[in-house]
Amino acid sequence: MTREYLVVYEKGAANWSAFSPDVLGCGSLGDTLEDTRANMREAMELYLRETAKAGEPVPEASAFNVDFREFDPDHETKEYFVEWLAVPLPKPVTPKTTMQAA
């Protein structure tokens with residue numbers, strides 16, 4: 001099963017960066033847009049897997065727009081690409097049963 005998260009890609013002077021408003025703290029970089037997309041998908045998969053492993057809820061995909069003034073108030077970045085990135089969801093973690101010796 002996959003979930004589509006809104007992802008914003010920003011063109012910098014020498015590379016691209018990416019973030020998702022729904023997955024705070026998870027971002028990525030790459031030399032090209034394609035590299036950054038692949039790196040972001042990998043970063044999000046790892047983030048979601050580790051979140052689920054820790055017993056935390058996987059973030060919902062609720063963002064449907066981006067306020068560019070929030071992170072680029074002076075319009076310094078001139079090139080953005082925004083898309084819905086399909087990311088595989090982690091399999092539910094089932095508690096392991098442990099046996100204790102009597």
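Helices (H or I, at least four residues) and strands (E, at least two) are DSSP runs, numbered from the N terminus. The model is a predicted one, in which local features need pLDDT of at least 70 and side-chain atom pairs count only at pLDDT 80 or more, while totals for chains, interfaces and linings use all residues. Residues are numbered from 1 along each chain as its sequence is written, and side-chain values use heavy atoms, with hydrogens and water left out.

## Strands and their pairing

Two strands are taken to pair if DSSP finds at least two bridges between them. Strand 1 (residues 2–11) pairs with strand 4 in the antiparallel sense, over nine bridges. Within this pairing, valine 7 has glutamate 83 of strand 4 as its bridge partner. Strand 1 also runs antiparallel to strand 2, to which four bridges join it. A hairpin of four residues connects strand 1 with strand 2, and lysine 11 stands opposite tryptophan 16 in strand 2.

Strand 2 (residues 16–19) in turn pairs with strand 3 over four bridges, again in the antiparallel sense. Here tryptophan 16 has glycine 30 of strand 3 as its bridge partner. In a regular strand the side chains alternate between the two faces of the sheet. Strand 3 (residues 27–30) has Ser28 and Gly30 on its covered face and Gly27 and Leu29 on its uncovered face.

## The nonpolar core

A nonpolar core is a set of buried Ala, Val, Leu, Ile, Met, Phe, Trp, Tyr and Cys residues joined through side-chain atoms within 4.5 Å. Buried means under 20% relative accessible area, exposed over 50%, and partly exposed in between (1.4 Å probe, protein chains only). The largest such core has 14 residues, and those with the most contacts inside it are Tyr5, Val7, Tyr9, Met40, Met44, Leu85 and Val87. Strand 1, strand 2, helix 1 and strand 4 are the elements that give two or more residues to this core. Helix 1 gives the most, with four residues.

Contact means heavy atoms within 4.5 Å. Leaving out residues up to four places away in sequence, leucine 85 touches Arg3, Glu4, Tyr5, Val7, Tyr9, Arg37, Met40, Arg41 and Met44.

## Charged side chains

Side chains of opposite charge can pair when their charged atoms come close. A salt bridge is a side-chain nitrogen of Lys or Arg within 4 Å of a carboxyl oxygen of Asp or Glu. How many salt bridges does a search of the whole structure find? The search finds three, and they are listed below.

| Salt bridge | N to O distance |
|---|---|
| Glutamate 83 and arginine 37 | 2.7 Å |
| Glutamate 50 and lysine 53 | 3.3 Å |
| Arginine 69 and aspartate 67 | 3.0 Å |

The salt bridge of glutamate 83 and arginine 37 links distant parts of the chain, with glutamate 83 in strand 4 (residues 80–88) and arginine 37 in helix 1 (residues 33–53), 46 residues apart. Glutamate 83 counts as buried because its relative accessibility is 16%.

Glutamate 50 and lysine 53 both lie in helix 1, three residues apart, about one turn of the helix. Glutamate 50 counts as partly exposed at 37% relative accessibility, whereas lysine 53 is exposed, with a relative accessible area of 54%. In the remaining pair, arginine 69 is exposed at 59% and aspartate 67 is partly exposed at 33%.

Glutamate 10 is found in strand 1. Lys and Arg count as positive and Asp and Glu as negative, while His and the chain ends are not counted. Glutamate 10 is buried yet has no salt bridge, and the nearest side chain of opposite charge, lysine 78, is 12 Å away. Apart from neighbours within four places in sequence, the contacts of glutamate 10 include Asn15, Trp16, Phe71 and Tyr80.

## Aromatic rings

Rings of Phe, Tyr and Trp (its six-membered ring) pair if their centres lie within 6.5 Å; planes under 30 degrees apart count as stacked, over 60 as edge-to-face and the rest as tilted. By this rule there are five aromatic pairs. One of them, tyrosine 9 with phenylalanine 81, is tilted, at 5.8 Å centre to centre and 45° between the planes. Tyrosine 9 lies in strand 1 and phenylalanine 81 in strand 4, 72 residues apart. Tyrosine 9 counts as buried at 0% relative accessibility, whereas phenylalanine 81 is partly exposed at 31%.

The rings of phenylalanine 19 and phenylalanine 71 have centres 4.9 Å apart and planes at 80°, so this pair is edge-to-face. Phenylalanine 19 belongs to strand 2 and phenylalanine 71 to helix 2 (residues 68–71), so the pair ties together parts 52 residues apart in sequence. One aromatic cluster is formed by Phe19, Phe68, Phe71 and Tyr80.
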